[in-house]
Amino acid sequence: MPLIAMEFAFRGGTAQDAPEKAGTATMLASLLDEGAGDLDSQAFQERIEASAVELNFRAGRDDLDGSLKTLVDKRDEAFELLRLAVNEARLESADVERIRAQILARIRRDSTDPGDVAQETWLKAAYPGHPYGRRGIGTEETVERISREDIVAFRDANFAKSNLVVAVVGAIDAATLGPILDKVFGALPAEPELSPVVDIWPQNVGHTEVVEMDIPQTTIVFGRGALKRDDPDYIPAVVMNHILGGGTFTSRLFNEVREKRGLAYSVYSYVDSMDHSGVIGGGVATKNERAAEAMQIIEGEFARFAKEGPTEEELVKAKKYLTGSYALNFDSSVKVARGLRQIQLNNLPIDYILGRNALVDAVTIEDVKRVARRILDNGDLLVAAVGKPQGFREGRSSGGN
Amino acid sequence: MTNALVGAALAGAAFGGAAAQNGGPAAGPKVETFTLENGMDVVVVPDHRAPVVTHMVWYKVGSADEVRGKSGLAHFLEHLMFKGTKSHPAGEFSNTVSELGGQENAFTSYDYTAYFQRVPKETLKTMMEFEADRMTNLVLTDDVVLPERDVVLEERRSRTDSDPAAQLSEAVSATLWMNHPYGLPIIGWDHEIAALTREDALAFYEKYYTPNNAILVVAGDVNKEEVRALAGETYGKVARRADPPPRVRPREPLQVAARRVAVADARVRQPSVSRVYLAPSYRTAQGDDAYALDLLSVVLGGGPTSRLYRALVVEKGIAAGAGSWYGGSSLDDSRFVVYGSPRPGHSLAEIETALDAEMQRLIDGGVNMDELERAKTRLIADTIYDLDSQASLARTFGSALTTGMDVRDVIDWPERIRAITPGQLVEAAKKTLQLRQSVTGILESAPAGDRT
């Protein structure tokens, strides 16, 4: 393949935003390719397009990511543009205002989107007063407040060598790459100046929050605390989730909610680990008249799983899927690079990919039962629902049955 | 910036699925084709980087082939194809794919319906056996049909009924196509989905799901001879059972009236305007007009250096976003779209005026070589980047072959893009960007409780 794919990240992310200026990391990520060095925004973008380079930055919860993709004959130009973006972004006020306008437009659009509203409501209730309780993009109020100085300060505090991870895949070898990376990142300070973020577990589990919206369907997100990535039970939790709601056409939630009852098009669960928290969450959207029924079934499945665990057959099938499908995560250069970046962010050994399936194979039914009891407990969930659900209980719930 | 009017293909039983894209790989993989005795076409795209294959079956039938009054039937049948056969009851196929660590899904568009699995190469034959089986042996009972119809209605509620921008998009399409069935939503109108029956689905299935109306696309760690042998033992055993009618849909009359539609809803906090022009597709275009329109969409509105973005967002500062797109892969005529969303303090009328001015400036003043070259570089590079993804490669061939193009067209696409001149681009713009064959869609806010 005549291409080079690079994925990198600076640890920090939107969790480093000052609360009153939430959205700073997102603004910085959006501005890095809006002019750098001698090139103004248009000139920089023209250079990118003339060489068909793809350069993107994105602010995540715990890191600010970048990705670069180039055809091999445009390699030097691609890395030079990256060097400029990382080190010499101009952050001119006209560009800041334009990007601010775009971000505000997106916030306004999202503000009436049922899925976004449900997610925001859930996060706020789960993580009160914590950076994870805010949407990374910020609010209209906080984004209006962000100044050029705030953006520069964020960059200076977050862009450093010790919190940087890089993965490169494709038509380049390590000997060639080394000096190039030195050139791109070498001028950054050795250490970042990150604010400490405290660990937190989802609060208000057992509560239901309803946001009224005049639409025919209720969009629901739900979840409760789970595990951080370094927890020894993490892999059993992934297996558990696959059986419960992770398997697209095979999970218990799929079968009970969609296949048997036609209650929803989409119903799922996932496990998500952050640097300072962990969640088992999920979502469903169903017509207002049946929202209460759908949620009752989901809570029932959570509670039943905690009590009974999986069957041997479910466990065998889940392990087969999880081990067999692992290779599909690495079937393009970009996906390999992304996987290697994530492994580094998770502090896993670089040969983790080779040993990962053995970890899944080693999971026993007792492991899954243990982790289910530990994580799902009594099946209570923090629920956020947007729509006009009928017969939906608000406030304290009694948990599953 | 995104716009509501994206995506011609409707993702199927699960999630994801952007519109199939035009064109194909530049360097071009070594693609081979042959036809089975029963008329099923086969495309093999070797990719030996990993021991996996992408197995797809494309049926040359989509929502535009439905009869009036049964909108949503093609998509409904796609869902029902997961309900099992005489020899493989519901869930067995999906469970098998899952145990193999594979991925699967399906999607329906105006012109095609496709099913795919991504699996380890050793299991290709198993996939073919299952897929060939459900080509003719589908079993449907009301016990599975009725809950699945509710699932589709929920899908519609998620995609459209809870989203004013999606509702506008439906109204724009219904208005643009005065006679052609592309005016009907792929997922169907709510009341017509609710009335679809098991018998409707089976009749559609009997009429269109036959090997002589299907294309097998296999991309991955295989060669032509392996695929020929496996396909012969599986699909080759399926008898033809119908001769689908020629795909001739009602054509548009000469359009003479510019139309406007609007959705005003309290939930709209970011207004936007789009102009949708009737445009030729790769199949219906004269000469190289479709290639020129693909380039026009990049020059005019394909990113931060495009005409529309530069004028409306950067220079005038009146818009938060602006752009254009063209969807050329359809069997019949297609559309070319320009759009913009205002910054606070600026009106939709200002945006619309500025969009018109930029289109006129391009038609009057032409296109310079620099911007055309950048656009070509971008489009051609995308096809090379696509080589990195086996699934998108398979998809490129499948969508081309079900919308009236052939493998040669896909392979030659970069060369023909390269050959387009500024003059051709302007000519295509002149022909296409005519108000009389357009609909302007307005998405705006309304006081709470109001819904006009």
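Modeller: One convention comes before the rest: helices (H or I, at least four residues) and strands (E, at least two) are DSSP runs, numbered from the N terminus. The model is predicted; local features need pLDDT of at least 70, side-chain atom pairs count only at pLDDT 80 or more, and totals for chains, interfaces and linings use all residues. Residues are numbered from 1 along each chain as its sequence is written, while chains are lettered from A and ligands numbered from 1 in the order in which they are written.

Colleague: Where is A:Leu91 found, and why does it count as buried?

Modeller: A:Leu91 is in the loop between helix H3 (75–88) and H4 of chain A. A residue is buried if 20 or more other C-beta atoms lie within 10 Å of its own, exposed if 12 or fewer, and partly exposed in between, with C-beta atoms placed from the backbone. A:Leu91 has 20 C-beta neighbours inside 10 Å and therefore counts as buried. Its phi is positive, about 50 degrees, although A:Leu91 is not a glycine.

Colleague: What makes the phi of A:Ala52 worth a remark, and why does A:Ala52 count as buried?

Modeller: The phi of A:Ala52 is near 55 degrees, a positive value in a residue other than glycine. A:Ala52 lies in the loop between H2 and strand S2 (54–59) of chain A. It counts as buried because it has 22 C-beta neighbours inside 10 Å.

Colleague: Why does A:Arg258 count as buried, and which residues does A:Arg258 touch?

Modeller: A:Arg258, which lies in helix H10 (residues 252–259) of chain A, has 26 C-beta neighbours inside 10 Å and so counts as buried. Two residues are in contact if their C-beta atoms, placed from the backbone, lie within 7 Å. Not counting residues up to four places away in sequence, A:Arg258 touches A:Leu263, A:Ala264, A:Val267 and, from chain B, B:Val151. A:Arg258 and A:Val284 are 26 residues apart in sequence, and their C-alpha atoms are 9.8 Å apart in space.

Colleague: How do you know that the buried residues of H7(B) line one face of the helix?

Modeller: In helix H7 (residues 198–208) of chain B, the buried residues are B:Ala201, B:Phe204, B:Tyr205 and B:Tyr208. Viewed down the axis of H7(B), they fall within an arc of 100 degrees, so they line one face; the arc is that of the directions from the helix axis to the C-beta atoms. These residues pack against strand S4 (52–59), helix H1 (73–80) and helix H4 (142–161) of chain B.

Colleague: How many residues of chain A are in contact with chain B?

Modeller: 48 residues of chain A are in contact with 48 residues of chain B. H4(A) gives the most to the chain A side, with six residues. That side divides into 18 nonpolar, 17 polar and 13 charged residues. Here Ala, Val, Leu, Ile, Met, Phe, Trp, Tyr, Cys and Pro count as nonpolar, Asp, Glu, Lys and Arg as charged, and the others, Gly among them, as polar.

Colleague: Where does pLDDT stay under 50 in chain B?

Modeller: It stays under 50 over residues 1–26 of chain B, pLDDT being the predictor's confidence in each residue, from 0 to 100. Where pLDDT is low, the predicted coordinates should not be read in detail. The mean pLDDT of chain B is 92, and that of chain A is 95.
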